[in-house]
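Me: Please take me through this model as a series of questions and answers. Could you begin with the terms and conventions that we shall need?

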Amino acid sequence: MTIPNFEAINVGDEIPSFTTEPVSRLTLALYATGSGDHHPLHLDQDYVRSKGMKDVFAHGMLGMAYLGRLLTQWVPQEAIRSFGVRFTAITWVGESMVCTGKVVEKLEQNGEKCVRLELTCANEQGEAKHKADAVVALA
Amino acid sequence: MLIDKKHIGMKVPPHSVTPTAWQLKWFAKATGETNPIYFDEAAAAKAGLPGVLVPPTFFFCMDMDKDEPFDYIAAMGCDFGKMLHGEQIFTYHKPVYAGDTLDFDGQVTDIYDKKNGALQFIVKDVKVSRQGEAVCDLRTVIVIRA
């Protein structure tokens, strides 16, 4: 994988997007194993019903991990300078996550040519679940 | 009830984590990762890496990898049932790999509220280092609903 050339990238450019498989209970069990987060809100139907909620829902950090993949499919990970996300809505079992990103700013930071990206993780109806931004150093 | 701002500056007990290739393999499977440098030791070695590469958001998992990851929230008298993860920010300095021993050193750096206290925000900043070298900074913003 090569790092894109700063001069060749323009504000408004979109990076390659993807849509995940629907988030399943198995996905959440696997994420609990991989992340170490076994909170019952994500795993235990009896527990969430006792709390008055309709169903288990995805770990917020699962969506951020998907957006991390979006970045590392575009540039090698060592090019990422910062990556932040705001969790805006809950992701329910059965929803597929549409992960997209676009360049919103070209900047110089600590002597490096960088771009700022706006990233979104949304369901297929267009409801944003997570809004993120990342600064990536280019060649 | 508003959280007492005297908790700004509270130190979180430090901890150390050594990520393993085994754990990262499950994280990769869970997140749909297909690039083998994130889960296959042989592929990482072939790519010239000292070990399986720790992916960008796994620092959060390691920060949580302790007996009481929300001890600082409990110390403020907040109800865990009203707690939400509001924001998560990472700043990266160096790549890290399975087998590295990482030190996590955190502190509560801000407490503020919005909507007349209906939403309160607790900001925790954590510095992650490997043998004294800074590798990553985390900022976690926890929201407490009224």
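Reply: Helices (H or I, at least four residues) and strands (E, at least two) are DSSP runs, numbered from the N terminus. The model is a predicted one, in which local features need pLDDT of at least 70 and side-chain atom pairs count only at pLDDT 80 or more, while totals for chains, interfaces and linings use all residues. Residues are numbered from 1 along each chain as its sequence is written, chains are lettered from A and ligands numbered from 1 in the order in which they are written, and side-chain values use heavy atoms, with hydrogens and water left out.

Me: How far apart are the end C-alpha atoms of residues 7-137 of chain B?
Reply: UniProt, in an unreviewed entry, places the feature "domain: FAS1-like dehydratase" at this span; such positions are given in the numbering used here, feature names are shortened, and annotations may be inferred rather than shown by experiment. The span is 22% helix and 36% strand, and its end C-alpha atoms are separated by 21 Å.

Me: Which residues are linked with A:Glu127 in a network of salt bridges?
Reply: A:Glu127 meets A:Lys129 in a salt bridge, at 3.0 Å from N to O. Buried means under 20% relative accessible area, exposed over 50%, and partly exposed in between (1.4 Å probe, protein chains only). A:Glu127, at 39%, is therefore partly exposed, whereas A:Lys129, at 0%, is buried. The residues linked with A:Glu127 in the network are A:Lys129 and A:Glu95.

Me: How many residues apart in sequence are the parts tied together by B:Arg139 and B:Asp125?
Reply: The side chains of B:Arg139 and B:Asp125 form a salt bridge of 2.8 Å, N to O. B:Arg139 belongs to strand β5 (residues 133-145) of chain B and B:Asp125 to strand β4 (residues 119-130), so the pair joins parts whose separation in sequence, in residues, is 14.

Me: Is B:Arg130 buried or exposed?
Reply: The side chain of B:Arg130 forms a salt bridge with that of B:Glu133, at 3.3 Å from N to O. B:Glu133 has 34% relative accessibility and is partly exposed. With a relative accessible area of 16%, B:Arg130 is buried.

Me: Where does B:Gln131 lie?
Reply: B:Gln131 is not a glycine, yet its phi is positive, near 50°. Its relative accessible area is 80%, so B:Gln131 is exposed. Its place in chain B is the loop between β4 and β5.

Me: What is the phi of B:Lys115?
Reply: B:Lys115 sits in the loop between β3 (102-114) and β4 of chain B. It counts as exposed because its relative accessible area is 66%. Although B:Lys115 is not a glycine, its phi is positive, at about 55°.

Terms used:
A salt bridge is a side-chain nitrogen of Lys or Arg within 4 Å of a carboxyl oxygen of Asp or Glu.
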